[in-house]
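Colleague: Could you pick one part of this model and walk me through it closely? I'd like to hear how it sits among its neighbours.

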Amino acid sequence: MNLKELYQEIILEHGKNPRNLRKTENFNKDAKGHNPLCGDKVHVYLKLNENKKIEDISFEGSGCAISMASASIMTDLVKGKEEHEVKEIIEDFLGMIKENPELKSKNLEEDDKTKLMCLSGVKQYPMRVKCATLSWHTLTSAINNTQEEINSERLD
Ligand code: ZN
């Protein structure tokens, strides 16, 4: 199995069995996102504790395999991390999806980097980039408590 096949395998697996697809009880931050081009919808729920650590994160939604896999991998990866670390990871991921060849964050294990790199294949397909980044922009909105629905058509 080559790297491309491994990446596809991981995406399909997460797309089929998304992690954290539920609603967090007693969440204290949330945000919704919508990608009208593809029809992806996501609602991210966060429970931050008093130390600004993500105690729990979950999502509800529906959409294509890429959007579901991305939300699944994202929620899996940021759980237990502190808010400032999460912001750095989001920036790193969005940078990688748009232009950077690799991830730079020190807050990511090698394993986690591999999972995120699975989504790097979408770079060649601008429409798919919006599928992959939807849940990440929505997470940012939840953290910042903007109370604004993310619409991927209005993002660059
Ligand atoms: Zn999609």
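Modeller: Here is a close look at one strand and what surrounds it. Keep in mind that this is a predicted model. I'd go for strand 2, residues 40-48: seven of its nine residues are buried, so the strand is largely enclosed by the rest of the structure. By buried I mean under 20% relative accessible area.

Start with the pairing on one side. Strand 1 (residues 29-35) runs antiparallel to strand 2, and seven bridges join the two. As an example, Lys 29 has Leu 46 as its bridge partner in strand 2. The two strands make a hairpin with four residues between them, and Gly 39 in that turn has a positive phi of about 95°.

Now go on to strand 3 (residues 54-62). It is also antiparallel to strand 2, with eight bridges between them. Here His 43 stands opposite Glu 60 of strand 3. This hairpin has five residues between the strands, among them Lys 52, whose phi is positive, near 60°.

Then there's the packing. The largest nonpolar core has 43 residues, and Ile 66, Phe 93, Leu 116, Trp 136 and Leu 139 have the most contacts inside it. Strand 2 gives two or more residues to this core, as do strand 3 and helices 1 to 5.

Notes:
Residues are numbered from 1 along each chain as its sequence is written. This is a predicted model: local features need pLDDT of at least 70, side-chain atom pairs count only at pLDDT 80 or more; totals for chains, interfaces and linings use all residues. Side-chain values use heavy atoms; hydrogens and water are left out. Buried means under 20% relative accessible area, exposed over 50%, partly exposed in between (1.4 Å probe, protein chains only). Two strands pair if DSSP finds at least two bridges between them. A nonpolar core is a set of buried Ala, Val, Leu, Ile, Met, Phe, Trp, Tyr and Cys residues joined through side-chain atoms within 4.5 Å.
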